[in-house]
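Here's a quick tour of a few spots worth a look.

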Amino acid sequence: MAASGDDDDAATPAKGSKEQRPRRGRVEVKSPGEAESRAKRKPRRMKADPVRATVERPSEVVFDTSGFMHKSSYSRTPGLPRGHALNSVGRGAAGARRLYLVVFGKKPAAGGLKTKTGDRRTSASPLKQAKDQSTDGGRGRDKQTRRVPKRHRAALLPLLQTMIRKAKRCPYASILERHCPMPERVRGGEPAAETKSLLASFTPPAAVASFLWSVVRNVAPREMLGGFKSRLALRRFLLRLVVLRRFEMCTLHEAMTGLKVSEFPWLFGRAGVADEKRTRRATRAGPASAALARRRDLQRWVRWLVADLVVPLLRSHFYCTETESHRLRVFYYRKGVWARLTAAHLAAMTEDPAGESRRPTSLGGTELPVTLDPSRSTLEPAGETDEMEGDGWDSTDDADDPGAAPRAAYRRLPKRRARLMLQRHLLGFSKLRLLPKSAGLRPVAMLGRPAVASFRSLRPSGGGKRGVAGAAAGGTKNGAAARDVLAFRPVNTSLQGVFDVLRHEAGARPGVMGANVSDYRDVHRRLGPFIRRWRATQRQLAGRKRKKTRGEVGDRAKRTGDDAPIAGPEPVTRPPYIVAADVKGAFDSIPLAALERVACELVGSGEYSVSRLARVVGGAAVGVRTKTQRIATPVAKPGAPTLDEPGNERSKPRKGSKRERKVGGVVIDLANPIAVHKNQVLELLREHLRRNVVRSGGVYLLQTTGIPQGSVLSTLLCAVFYAHLEQTHGLRGKSPSDDTSQKVLCRWTDDLLHVSFDRDPADSFLSAALEGFAEYGCEVNTGKTSLNFEYSPGGAEPTRIATRSAAANNAEPKPPMIPRRETVIGHGPNARRCIAWCGLLIDSNNLEVLVDYTRYAGDWAREAVTVPGRVGSGLKTPSPFSRLDRRVVAYLRPKCTALLYDHSVNSPLTARLNVYQSFLLAAIKTHCFVAAASEHPSARNSIGDNKGKAKTRGPSPAAVHAAITAGIRYMEGAVRHHMAVARATLGATGRIQRTHVRYLGLHAFAKIFSRKQSRHAETLALLQRDIGAATMRVAARRLATVVDDELSTTFDQIRF
């Protein structure tokens, strides 16, 4: 019996609903002569080939991680689900025939599959299809026989009958405990087990693959797994499936690689162990059509084995998820470990007035959620009860009290209350997913997916009436209670119009976003003018102390030739004061009432028109890309000024903004604009903020504070809300372009960066941030605050209400003393002390900007690389290496921004160092991609000649060299383009020569590939040949200080 939990699959629309209505036929007008001639023709009969019609090519059947990721429901005991075919087909010969229809029938199972077009198969279960096809017209009268081909009657049916019997006797629990043992702290039920230790209690992928193979061997007869080589190939593929990254995939073509038809005697109609000599003679003697039929039968069997046996085992015994710190790597947690983690986290963040909290009763072998009832002395399984009281309260309508004690982020809803709320909802609800991070779990609402809620029907059974949202309710044949099903489309889809309107208003009104930045171009726009003023001040201070003599100026002019080294950072007289802070729980702590007031003030017009545009950009090097944009435009009333009139201040985009930027490409208007009214925007916004319902573990929760993480509006609303805080408390200061401003504030959503000339502004900002802003729910995380000076409160008493936790205890907090916290990069005299902020490193001494690569240190670079299953995937690209040049460009594009190359922000040496380090990371990722993709079965490009040398899978050295050359050419053009735009709009200065970019790219790839010479020996020789050119030798003398290993020691710590 399955315990209540998250529904993994969405319900299909009811039969006869609008989604399944047949399309109207097209009427063709024909001449009488044509009709008469067609009538005289005899219809051409073609012999139907059920195998060819029902089985796709192996290259079109795709296995990916979405079939078993984030599945939190589980059964009472280990094993296959109750509705699995092996548990439901029955016994004996009849059960074997039903199972044969499931595995080899006209509609093969595809539980975790995607086809070439990516459509998820959501048809009825294979067992239901088998039963429908084995009955006469659905009247319940069994057919006399289910036809099985003659070649399978004597050999295959007994094997299927044996498999059904072995599946019922398989010791799933002991196999699971032997290969994937439960940690001692969880098995013993220790209540004091820390969350951090539980997060580290995941199961290695090798152990998971070993468990899967052991179950397969215990369930499937040995004859159906082939000989030694075929079994070894199947086991390798199971490991390949388990180690897939988040967005990677593999195909049936890969699963079939290494399997020999001659090792499966049942394909030839013979029972027993395969006789290779006899089978080889039968294979050669038979017709080609018979050989193809045997190959297709083997494909069907392997497809069912993976999709309907291995994937359900993963879903039933493990919770598979990615983490924040390890990017794309998939972690496997035993359901008991994950149940303990989720129970503790939900109990901490959920308010439960009715005392219905859930926790697992057993965390060793079986897990089951229970209801805790103080009036009962025993634990009983949680079920849906209609006797729940307390559905007359609604906490979201209460005003937020800044001085009140902190309340939980969610409140549990009884089933009856949840039903009433969802029946009146416009947006519906979403599932709550917990994402592991370094020290806990982050709740993420899956608002981008449709959701289905099922409740016990309040109407008499057998009514057959249609429920809300097109769901059918009625009694069942076996007398079970009727259900009401509420189906909702994704919440983010319904909120798209609201997002378009708010984004337009936030971009049109100057000052609404405050100090917020959304990309590195915005950082350049705010931080660049301040750095130039600070540098000018430093030069003035240095000029007063010591002036350069004419001789020094003449000596420097003589050395500015082709052989002169690249100039480094200028000396600094007075270092700046930098503070980088992070708001603690920014999305979870914002008061909803205050946020609603701020957001509603943005909507100024009564009606908006949302149009869709398609922009086609790109070229030969990076490929052609199509981006779809949605643009909201206010519908002006008669007589009202339009946005184009000079008097309208909203018509003036800020300098360097996205609205002012001119982007090349072809723009296509997709027509059919959508009208969005103000009342509709406000209604949807209020419902999303004040009545957001989520479901976790079968429990419905009402969010009482904070913005739902995962919402399309979360980042925009958070930025607008904190901009209102800056304006209210005067934290923003003067405009960055003001020549008298001696401080600047940058905020990337909830990450703050404050830089000032003197210490007093830094102390004031840090003191205000540490005291907190209770009315805004803003509290700084002192553990993540970095600064280049030691902060002490100096005995000053706070003037505002402090953090919410201190307010709850009625105590006046004292700002804690924060030591100097910096990130050290480089080695020896070239070492730098920097402040890390939003993927950047700000030099504490001279404000130069570099990219933060320390987050890769100590980790495997393979975790950040996705290898698509393109080998044999049925796509137009026959090999993963045919577009290797585009992949190298994709590795270079993210950090290619003018902020890093601007000579008014960075010295010429640091600007070129940023180019060099971008190439280093791209070279590491390129090697990881080539090494991982070379393991694919069809990556069979010969490296070297055929005279005695072994063939190695992977791209040819010329292909890798061509891809590197294409990436270098892209970087040359991108640096030139970004700098030209920045000089015209942002006041940037300086240029980086093309020869310098080319040399840095060649040297970076040569350095990384020299550490893997066994794979890239010939490619390395081609790179060394290019470095030896005359122009490269001149560039090498000037860039010797840039490529110094002491400046890039971080890349020595990256594992690849």
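**Where two helices meet**

Met 163, Lys 166 and Ala 167 in α7 meet up with Arg 217, Asn 218 and Val 219 in α11. Sorted by class, that contact of α7 with α11 has three nonpolar, one polar and two charged residues. Keep in mind that this is a predicted model.

**The α7–α11 geometry**

- Two packed helices are described by the angle between their axes and the distance between the axes.
- Here, the axes of α7 (residues 156-169) and α11 (residues 205-219) come within 8 Å and cross at roughly 125°.

- Zooming in on one pair, β27 (residues 840-843) is joined to β28 by three bridges, with the two strands running antiparallel.
- Look for Ile 842, which stands opposite Val 849 in β28.

**The nonpolar cores**

- In soluble globular proteins, nonpolar side chains tend to be buried together.
- The largest nonpolar core in this model has 93 residues, and the ones touching the most other members are Tyr 901, Phe 919, Met 971, Leu 1000 and Phe 1005.
- What does Leu 1000 contact, leaving aside its neighbours within four places in sequence? The list is Arg 912, Val 915, Tyr 916, Phe 919, Leu 1039, Val 1042 and Val 1043.
- Another core, of 79 residues, lies apart from the largest one, and its members include Phe 499, Ala 599, Leu 717 and Phe 789.

**A threonine in a loop**

- Thr 897 sits in the loop between α28 (884-892) and α29 (898-901).
- Is Thr 897 buried or exposed? Its relative accessible area is 12%, so Thr 897 is buried, the cut-off being under 20%.
- Not counting residues up to four places away in sequence, Thr 897 touches Tyr 520 and Arg 521.

Conventions
Residues are numbered from 1 along each chain as its sequence is written. This is a predicted model: local features need pLDDT of at least 70, side-chain atom pairs count only at pLDDT 80 or more; totals for chains, interfaces and linings use all residues. Side-chain values use heavy atoms; hydrogens and water are left out. Two strands pair if DSSP finds at least two bridges between them. Helices (H or I, at least four residues) and strands (E, at least two) are DSSP runs, numbered from the N terminus. Axes are lines fitted to C-alpha atoms, for helices over the stretch in contact, and angles run from 0 to 180 degrees between N-to-C directions. Contact means heavy atoms within 4.5 Å. Ala, Val, Leu, Ile, Met, Phe, Trp, Tyr, Cys and Pro count as nonpolar, Asp, Glu, Lys and Arg as charged, and the others, Gly among them, as polar. A nonpolar core is a set of buried Ala, Val, Leu, Ile, Met, Phe, Trp, Tyr and Cys residues joined through side-chain atoms within 4.5 Å. Buried means under 20% relative accessible area, exposed over 50%, partly exposed in between (1.4 Å probe, protein chains only).
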